Amino acid sequence: MKLQVSLSRVYRFSAAHRLHAPQMDDEGNARLYDKCNNLNGHGHDYTLEITIRGRIDQETGMIIPLQDIDRAAHSVIDPLDHKHLDMEVGYFRTHRSTGEEIVQYLWDQLQNFLGDKLFKIKLWETNNNYFELERKS
Ligand code: NI
C-alpha cells in the first residue's frame with residue numbers, strides 16, 4: 001500500500017453573527033448562548049485550516065497544486081468574509097451560526113471543489129476554541 005501525505009494550509013476571514021434559537025424565549029437564549037446571543041450581533045476573526053491528503057503525483061511531485069486549494073478556499077470563504085452570517089448568507093437563515101454548523105457548511109462547500117482529497121478542516125472561532133471535521137477512513 002502506498003503512503004499518503006498530507007498538506008495543511010491556513011486561511012482567515014472575519015464575520016459577524018448572533019446565536020438565537022427562535023423556538024426559545026429571550027431568557028433561555030441568553031442562558032444558552034451567553035455573549036453570542038447579544039441582540040445586535042458581534043464578530044469573530046475565524047481561522048480555517050484545510051488539510052488535504054493523498055498520494056504524491058509522480059509527474060508533479062505534489063498531492064495537489066497549492067493554487068487549487070487556494071481557489072477552493074477563496075470560493076468558499078470570500079462570500080462569508082466581512083458579512084453578518086445570519087443576515088447575509090442564505091444557509092444560516094435555517095441553520096444556527098454556531099462553530100459546529102459553520103464547520104459543517106465549510107466542509108460541504110469545500111468538498112465540491114476538493115473531493116476525496118479533503119481530509120480534515122479545523123475552524124478556530126477564538127484563541128481558545130476550535131471545531132474540527134475529519135473524513136472517516
Ligand atoms: Ni460568537
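1. The arrangement of donors around the nickel ion is irregular, because the 4 donor atoms subtend angles of 92 to 137°. By the convention used, four donors are tetrahedral if all angles lie between 85 and 135 degrees; four are square planar and six octahedral if opposite donors are over 155 degrees apart and all others between 65 and 115; anything else is irregular. The donors are His-17 (NE2), Cys-36 (SG), His-42 (NE2) and His-44 (NE2), at 2.1 to 2.3 Å from the nickel ion. Donors are N, O and S atoms within 2.8 Å of the metal (3.2 Å for Na, K and Ca), and water is not among the atoms, so sites may look incomplete.

2. This is a predicted model, in which local features need pLDDT of at least 70 and side-chain atom pairs count only at pLDDT 80 or more, while totals for chains, interfaces and linings use all residues. Residues are numbered from 1 along each chain as its sequence is written, and side-chain values use heavy atoms, with hydrogens and water left out.

3. Along the sequence, the donor residues of the nickel ion follow the spacing H-x18-C-x5-H-x1-H. Both Cys-36 and His-44 are buried, where buried means under 20% relative accessible area, exposed over 50%, and partly exposed in between (1.4 Å probe, protein chains only).

4. The protein has 5 helices and 5 strands, which run β-α-β-α-β-α-α-α-β-β from the N terminus on. Helices (H or I, at least four residues) and strands (E, at least two) are DSSP runs, numbered from the N terminus. The C-alpha trace spans about 60 × 25 × 25 Å along its principal axes.

5. Of the 137 residues in the protein, 36% are buried. Among contacts with a separation of 6 or more, 66% join residues 24 or more positions apart; contact means heavy atoms within 4.5 Å. The protein exposes about 8,600 Å², of which carbon and sulfur atoms supply 47%, with areas taken from the Shrake-Rupley method with a 1.4 Å probe, where for residues only the protein chains shown count as cover.

6. The mean positions of the 17 positive and 21 negative charges are 5 Å apart. Lys and Arg count as positive and Asp and Glu as negative, while His and the chain ends are not counted. Each charge is placed at NZ of Lys, CZ of Arg, CG of Asp or CD of Glu.

7. His-84 belongs to strand E3 (residues 83-84) and counts as buried because its relative accessibility is 13%. Leaving out residues up to four places away in sequence, His-84 touches Ala-16, His-17, Arg-18, Gly-41 and Val-89. One of these, His-17, is also a donor to the nickel ion.

8. Asn-29 lies in helix H1 and is buried, with a relative accessible area of 0%. Its contacts, apart from neighbours within four places in sequence, are His-20, Ala-21, Met-24, Asp-34 and Asn-37. Asn-29 and Leu-19 are 10 residues apart in sequence, with a C-alpha to C-alpha distance of 8.1 Å.

9. Asp-34, in the loop between helix H1 (26-33) and strand E2 (42-54), has a positive phi of about 55° although it is not a glycine. Asp-34 is exposed, at a relative accessible area of 55%. His-82, in the loop between helix H2 (66-77) and E3, has a positive phi near 60°, again in a residue other than glycine. His-82 is exposed, with a relative accessible area of 62%.
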